[in-house]
Every structure is written in structure tokens, then in C-alpha cells.
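Please read it alongside the sequence and the coordinates.

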Amino acid sequence: MNSLREIWARRFVHYMNELQKYMKFVFTGHLVIVLLFTIGAGGYAYSEWLKEVPESFPSAIIAAILIGSALVFGAPVTLLKPADSVFFLPMEKKLEDYLNRSLRYSLISQLPIPFMLLIVMMPLLAATNDAGMPQFLLTAIIIILVKWIYVETEYHYRRASDGEGILKDRLVRFILSALLIYMMLAGHPIFIPVIGLVMALYYLHYKKKSAGKPFPYEHFITLEQNRMMRFYRFANYFTDVPHLKGSVSRRAWLGFLMRPGKFGQTSPQRYLLQRTLIRTDDTFWLWVRLTALSILGVVLIPFPIVIYIFIGALAFASSIQLVHALRAGDDFRMDMLFPAATNTRAPAIRKTVSSIQLLQALFVLIIGIVVGGISFTPIIMAIIVVVVSMATIRFSDEKNTD
């Protein structure tokens with residue numbers, strides 16, 4: 001029988017291959033363009049706002065809350081499979097070697113987000129004179145130490161309690177990490193050893209508590225399956241994931257948007273596509289999220305040129321992903337039962353996505369008028385959404401035809 005170390009190594013290679021397999025479809029030229037425009041627009045708005053931010057702005061508190069939250073969240077990546085609850089039983093005494101490797105990978109994979117938040121917050125902290133370079137360097141070291149002890153703490157807490165009450169555990173750890181980051185950035189280093197000692201005692205308590213308990217295979221296997229399922233659902237926005245079946249909801253409250261079926265329907269493809277778009281959870285909520293982000297951009301971004309770039313990028317993302325989602329499908333579709341021409345699906349997709357993007361433009365227009373009053377800016381924003389959406393739909397159609 002292979003050692004647990006070899007099993008973990010093989011699973012890690014398979015896991016990385018799985019990530020690469022789908023991430024190449026995620027980070028295509030389309031998404032890169034959206035990210036460039038979005039990051040550029042956000043960076044420009046952020047830099048302009050920093051020129052006017054008052055020194056009394058609570059930047060240290062905000063940084064502590066954001067970084068503290070990022071340090072807390074992140075379940076251990078165990079790479080366990082359902083069969084392990086049986087096949088690992090004879091080797092349970094050696095399981096710690098397998099889990100230590102998993103926890104080391106969990107630490108490395110979860111560090112980038114708190115570091116990115118620190119980098120984003122550094123100009124704001126410098127602008128409000130809350131912290132300087134020495135404090136930033138010490139905070140970076142603290143982030144590594146806290147994340148390491150938190151990965152270990154969450155693992156032992158889940159093992160000791162079979163995953164019950166994890167929100168309570170995370171609330172406690174959030175308070176401690178937020179206080180620690182705040183004391184570091186606000187210049188009160190005298191309290192840092194005290195908070196660090198509380199963190200260490202909290203960790204040792206649950207490590208001791210979990211030592212005498214059998215390993216909860218079912219909980220960690222379910223946790224790992226849910227983690228991978230979230231990744232597959234995300235990847236499914238960009239390409240077909242064969243073993244993922246998306247959930248469907250009727251959403252009767254949106255029935256007024258769907259035309260009733262009639263005998264002799266002249267456009268059965270549109271009839272089916274409208275229902276597919278509204279009732280498929282992944283596709284529907286993807287559009288809702290991107291539209292909500294556009295609305296938030298209109299409300300929060302004070303610079304018109306930045307808003308134009310931001311909502312244009314999101315309109316592009318909405319259109320391209322809706323087109324791809326509606327083109328995808330199983331080997332059998334309901335429209336194959338209809339005696340309709342085979343070349344009617346592509347025009348129906350164009351019309352369906354165009355209609356839903358016009359609705360997005362309408363929302364942007366209404367919110368723009370509410371926020372800034374009647375002017376050219378809301379009208380230009382709505383026009384940008386429409387023009388970008390129609391151009392994207394047309395480009396996608398031509399590319400698919402080629």
C-alpha cells in the first residue's frame with residue numbers, strides 16, 4: 001500500500017491539473033480585458049479619492065476589519081475523497097503526515113488575499129498618516145504568523161467539534177485578528193503580545209481538545225466536496241463542466257417576463273431560451289451580480305470617465321458570458337423536439353441576450369438619474385451598456401460562425 005505522503009502528492013498533482021484545465025478557460029482574453037478595465041478604473045478612482053481623504057478618516061479601523069476578515073476565512077484543503085473513510089482507517093495513526101501537508105498548502109494558498117488587502121490599504125494608511133513602512137513590514141509578518149496559527153486552529157476546532165459552531169469560532173478569531181492588526185497599524189505595540197498570547201492559548205485549547213477524538217472523515221470529506229463544487233460552479237460560467245449539473249428554480253415571481261406558450265409558436269427558440277436564462281440558477285444569478293456591481297459603480301464612483309469604463313467592462317462580461325451560457329447545453333435539448341429550422345437558435349440567442357442587456361441599461365439609467373439627477377451622464381452610461389453589449393453579441397456570433 002502506498003504511503004499517505006505519496007497519496008497526497010498524487011492527489012495534489014491531480015488537483016493542480018484540474019485547476020489548470022478549467023482556469024485556462026476562465027482567464028481568457030475576454031476576462032483579462034474586463035479585469036484590466038475594472039482594475040484601472042478602480043485604481044484611478046481610488047487615487048483621486050486619496051487626494052481628498054481627510055486625516056481623520058478611520059483607515060486603520062477599516063484595514064483591521066478587512067484584513068482580519070481575510071485571515072479568518074479559509075477552510076483547510078484536505079483533498080480527501082469519500083472512499084478515504086474506509087481505506088484510510090488502517091493508516092489513521094499516520095494520518096497526521098497527510099494532514100500536515102494539507103495544512104501547509106492551505107496556508108500558502110490562503111495568504112495572497114490578506115496580502116493584497118494590505119497592499120491596497122497601504123496608500124490610504126499613508127495618506128491619513130496612520131502607518132509607515134516599518135509598520136507595513138511588521139504587519140506583513142504578523143499576517144503570516146496569524147494565518148498560520150488560524151489554519152491550524154480551524155482544523156483542530158473542526159476536528160474537535162465535527163464542524164459544529166464554526167461561525168462562533170470564526171467570530172472569536174475575527175475579533176482577535178482585527179484587534180491585533182489595528183494595534184499594529186495604530187501604533188499601540190504594547191498590546192500585541194497580549195493578543196498574540198490569547199490566540200496561542202485558544203489554539204492550544206482546541207489542539208488538546210481534538211487530540212483524543214477520532215478523525216471526523218465525513219465532515220472533512222463533505223467540506224472538500226463543497227469546496228471543489230464551488231470552484232466547478234465558478235468555472236461553469238466560462239466553459240462546460242461535464243460532471244456539474246446546475247440547479248434550476250422556477251422563479252414564478254418573474255413569470256411576467258416570460259411570454260406564455262401558444263400553439264403555433266413562431267419563435268420556439270426564444271420561448272425556451274428565456275426560460276433557460278431566468279430559471280437556470282448559475283446564469284440568472286451571474287447576470288444579477290454583474291448588474292448589481294454596475295449599479296454600485298454608478299452609486300459609489302464619483303468620476304464619470306471611470307464609471308463609463310467600469311460599466312462598459314461589466315456590460316462586456318455580462319454579454320459574453322450569457323451568450324456562452326445559452327450556447328452551451330446537453331446533447332439533448334427540448335428545442336430538438338420542435339419541427340423548427342436548425343438555424344434559428346443563434347438569432348434567438350442574440351435577441352434574448354440583447355433584451356436582458358437592455359434591461360441592465362435601463363437599471364443603470366434609472367439609478368444614474370436618482371443619484372446624479374437628469375443629465376447627459378446617465379444617458380451616456382445607458383448608451384455605453386447598450387453599445388458594448390450589442391458589439392459583444394455581434395462579435396461572439398461572428399466568432400462562432402467562423
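In which helix is Arg158 found? In this predicted model, Arg158 is found in helix 7, and because its relative accessibility is 5%, below the 20% limit, the residue counts as buried. Leaving aside residues up to four places away in sequence, Arg158 touches Ala75, Pro76, Gly163, Ile166, Arg170, Pro216, His219, Phe220 and Leu223. Between Arg158 and Ser210 there are 8.5 Å in space, C-alpha to C-alpha, although the two are 52 residues apart in sequence.

Ser210 is one of the buried residues of helix 9, along with Ile192, Ile195, Met199, Tyr202, Tyr203 and Tyr206. These residues lie on the same side of helix 9, because they cover an arc of only 100° around the axis. On the other side of helix 9, the exposed residues are Pro193, Val194, Leu197, Leu201, Lys208 and Ala211. As for its length, helix 9 has 20 residues and reaches 29 Å from its first C-alpha to its last, which is close to the expected 28 Å.

The helices named in this account span the following residues.

| Helix | Residues |
|---|---|
| Helix 9 | residues 192–211 |

For the protein as a whole, the secondary structure comes to 15 helices and zero strands, and 44% of the 402 residues count as buried. Of the contacts with a separation of 6 or more, 80% are accounted for by residues 24 or more positions apart. The protein exposes about 21,900 Å², of which carbon and sulfur atoms supply 69%.

Methods
Residues are numbered from 1 along each chain as its sequence is written. This is a predicted model: local features need pLDDT of at least 70, side-chain atom pairs count only at pLDDT 80 or more; totals for chains, interfaces and linings use all residues. Side-chain values use heavy atoms; hydrogens and water are left out. Helices (H or I, at least four residues) and strands (E, at least two) are DSSP runs, numbered from the N terminus. The expected span of a helix is 1.5 Å times one less than its number of residues. Buried means under 20% relative accessible area, exposed over 50%, partly exposed in between (1.4 Å probe, protein chains only). The arc is that of the directions from the helix axis to the C-beta atoms. Contact means heavy atoms within 4.5 Å. Accessible areas come from the Shrake-Rupley method with a 1.4 Å probe; for residues, only the protein chains shown count as cover.
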